[in-house]
Every structure is written in structure tokens, then in C-alpha cells.
Amino acid sequence: QVQLVESGGGLVQAGDSLRLSCAASGRTSSIWIMGWFRQAPGKEREFVASISRSGTTGLADNVKGRFTISSDYVKNTVHLQMNSLEPEDTAVYYCAADRTPRVGVTREKRDYEYWGQGTQVTVSL
């Protein structure tokens, strides 16, 4: 079993930066990939970024150039650095993890078995 806890969300203005963190506990050695999803009111939960033990990273097209994902597998922590935030980035951000090694970027919700409770990010004009 793996537990995930997000932190770092908050209220910021457009153009500001924010750094989210996700701490994993439990059977952390079994984790292959960790990622971030977000869900705005009335919308489906969507992929934001991911990073695997192989070093492969993936970013959604609408955050490329602004967001960066990084990980520290020794500390069992993953971060999402969000720069140049826009009101459209407003959402609950969820940390996710999975044990199954896969080739390429894993973007589907169904491919992640562990989820955090989410942290709210609100970007105002």
C-alpha cells in the first residue's frame, strides 16, 4: 500500500509561481511512476505531468514551458514547479502513483492506482 499527501496549494495571482509537493509513504520502493492530475469544477480530471524511475518525464501540452516536474526517490517526494500561472490553471491538483513499469508517458487516470486527497490551486487575475 502507498499513501500520498499533497501540499503547497494556495491562492496566487496570474503570473505568479507555486510549488506543489507530494510525499509518498508505505511501500514506496514499489513505485514506478508518480504524476500530477488536476480537476476544475465541471471538468474531468486531466493529466498534468509525470516522472518515472527511468527518468522519463511527461507534461500536458497546455503546461509545457511553464510547469516542471521533479522527483527525489530517496526522499520519496515529487514536486511540481508551476510558473507563469494562469486563471485556467485553477483546479484541485492530485498526486498519483503506480507500481507498473511502462514505456513512455502514462497519461491515463486508470493507470494510476494510488491517489492523494488533492490540494487547491486558485489563480486570480
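These notebook entries record what I looked up in this structure, which is a predicted model.

**Entry 1: the disulfide**

I began with the cysteines and asked how many disulfides the model holds. The count came to one disulfide. I found that Cys22 and Cys95 form it, with their sulfur atoms 2.0 Å apart. The two cysteines lie 73 residues apart, and the pair links distant parts of the chain. I placed Cys22 in strand S3, residues 18-26, and Cys95 in strand S9, residues 91-98.

I then looked up the handedness of the bond. The torsion about the S-S bond of Cys22 and Cys95 is about -85°, so I noted the disulfide as left-handed.

**Entry 2**

I found four strands in an open sheet, in the order S1-S3-S8-S7, with antiparallel pairing. Which strands stand at the edges? They are strand S1 (2-7) and strand S7 (67-72), each of which pairs on one side only. I recorded an average twist of 15° from one strand to the next.

I followed the pairing of S3 with strand S8, residues 77-82. These two strands run antiparallel and are joined by six bridges. Within S8, Val78 stands opposite Cys22.

**Entry 3: the nonpolar core**

I looked up the largest nonpolar core and noted that it has 36 residues. Which of its residues touch the most other members? They are Leu4, Met34, Trp36, Phe67, Leu80, Met82 and Tyr93. Several strands each supply at least two residues of this core, among them S1, S3, S7 and S8 from the sheet, as well as strand S4 (33-39) and strand S5 (46-52). The largest share, five residues, comes from S9.

I kept a general remark beside this entry: in soluble globular proteins, nonpolar side chains tend to be buried together.

I then took Leu80 and listed its contacts, leaving out residues up to four places away in sequence. Leu80 touches Leu18, Arg19, Leu20, Trp36, Val48, Ala49, Phe67, Thr68, Ile69 and Tyr93.

**Entry 4: Ser52**

Lastly I looked up Ser52, which lies in strand S5. Because buried means under 20% relative accessible area, Ser52 counts as buried at 4%. Residues up to four places away in sequence aside, Ser52 touches Trp32, Ile33 and Tyr73.

How values were computed. Residues numbered from 1 in each chain as written. Predicted model: local features only at pLDDT ≥ 70, side-chain atom pairs only at ≥ 80, totals over all residues. Heavy atoms only, no water. Disulfide = S-S within 2.5 Å. Pairing = 2+ DSSP bridges. Axes fitted to C-alpha atoms, helices over the stretch in contact; angles between N-to-C directions. Core = buried A, V, L, I, M, F, W, Y, C linked by side-chain atoms within 4.5 Å. Buried < 20%, exposed > 50% of the residue type's maximum accessible area, 1.4 Å probe, protein only. Contact = heavy atoms within 4.5 Å.
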